[in-house]
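Subject: Structure handover

Dear colleague,

Here is the structure for your files. My notes follow below it.

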Amino acid sequence: MMKTEKPSIFRADPASLKVTFLVLSGCSLMCVASAIDPLRAANRICGRTVFDWKIVSLDGKSPATTSGLPIAATERFDPATAGDFLIIIGGFGSRSALSPTDLAAFKRGAGGARAVAGIEAGTWVLAQAGLLDGRSATTHWEDLEDFATAFPDIDVRPDRYVIDGKTVTAGGASPGFDLMLHLIATRLGMAVALDVASVFVYDQAHAPSDAQPLVSLGRLDIYDRRLVGAIRLMESHIDRPLTVRSIARRVNVAPRTLELLFGQAIGESPGAYYLRLRLNAARRLVLDTSEKMADIAARTGFSSPASFSRAFARAFSMPPLAIRRKARKAPEPTPTEELVVEQIDLA
């Protein structure tokens, strides 16, 4: 890190991170979604605003993507309010999208941010602003040769994404998603990153007929195959949980070794991760279906509605029926219904 740079945003920190997405006309809709939606999912999973993001454009109007769909910008880009992390997203037509005045404003905004990123052709803007001189960077693979020729002072790499000090570059939509998972993992822990990946069924390439896993490891499955195997066993035994000893035996390790693998990679014990996996599955059923709580309890491996309600309330600070009512803005329960809920919660 250079002496003038602020502490990296890629480190454990539960504080809210202010993120500004500067979206250029002609960018890919996938690039925008892959950058923003993981942060939205992280906020939902954590139950608070861990990423406080906004979308801006050069003129305050809604930039059009290559698919013709506009991106709703909330305001015109203001370098004074760029926040902690300034991310510019551009497409193949964005190499020269910024006028000298716009480029100067972008450079001022980047100077005040803790980190600045270019996704796909957004890398060109960082380079044009002189922010990548003497650093390593990447861009979309189709642009690598032209980019290296145009900017000989940059160490151009064919990587999916590159982090060099406060500058970050990503080659496109999927690498952008990888980058956001890395940001989430470093700030909030691997367990939250796995949960975010699961929201989007994000995994390595599979045939269309392959079953969609509950936990989508994606490029995160570079971790020990025994850890991956254990998680796969957990996700396939949500309704009838296996013991940690049984899981360890099936992946050919001692229970103590499995404890160490989970502790080192995820920061939780196998039992704690397994319980959270089941509770997250239960939360989705509570929010997205009208199933009875007793049925959800059974589907997620709890011996009774009462034990399910207690575990759910400990994890999410509210019992399951209360969260469902709040999400759907349902009317308050009748006294009889309230008594039933109270009996379940206190059992």
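Predicted model: local features only at pLDDT ≥ 70, side-chain atom pairs only at ≥ 80, totals over all residues.

With 12 residues at 1.5 Å a residue, α12 should span 16 Å, and its end C-alpha atoms are 16 Å apart, so the two values agree. The expected span takes 1.5 Å times one less than the number of residues.

More on α12: its buried residues are Ala306, Ser307, Phe308, Ser309, Ala311, Phe312 and Phe316.

The largest pocket holds about 730 Å³ of space. It is lined by 26 residues, and those closest to its centre are Arg44, Ile45, Asn280, Arg283 and Phe316. Two or more lining residues come from each of α1 (29-46), α6 (190-199), α10 (270-288), α12 (305-316) and α13 (320-328). α10 gives the largest share, 9 residues. By type, the lining has 16 nonpolar, 4 polar and 6 charged residues.

Now the strands. In β5 (residues 115-120), 6 of 6 residues are buried. β5 runs parallel to β4 (residues 85-90), and 6 bridges join the two; Ile88 has Gly118 of β5 as its bridge partner. Together with helix α2 (residues 100-112), β4 and β5 form a right-handed β-α-β unit. β5 also pairs with β9 (residues 167-170), in the parallel sense, over 4 bridges. There, Ala117 is opposite Val168 of β9.

Regards

Technical notes. Residues numbered from 1 in each chain as written. Heavy atoms only, no water. 1 Å grid on protein atoms, 1.4 Å probe; cavity = no way out; pocket = protein on both sides within 12 Å on 5 of 7 lines; lining within 4 Å. Points joined across faces, edges and corners; volume = space filled by probe spheres on them. Nonpolar A, V, L, I, M, F, W, Y, C, P; charged D, E, K, R; others polar. Buried < 20%, exposed > 50% of the residue type's maximum accessible area, 1.4 Å probe, protein only. Pairing = 2+ DSSP bridges. Right-handed = clockwise from strand over helix to strand, strands pointing away.
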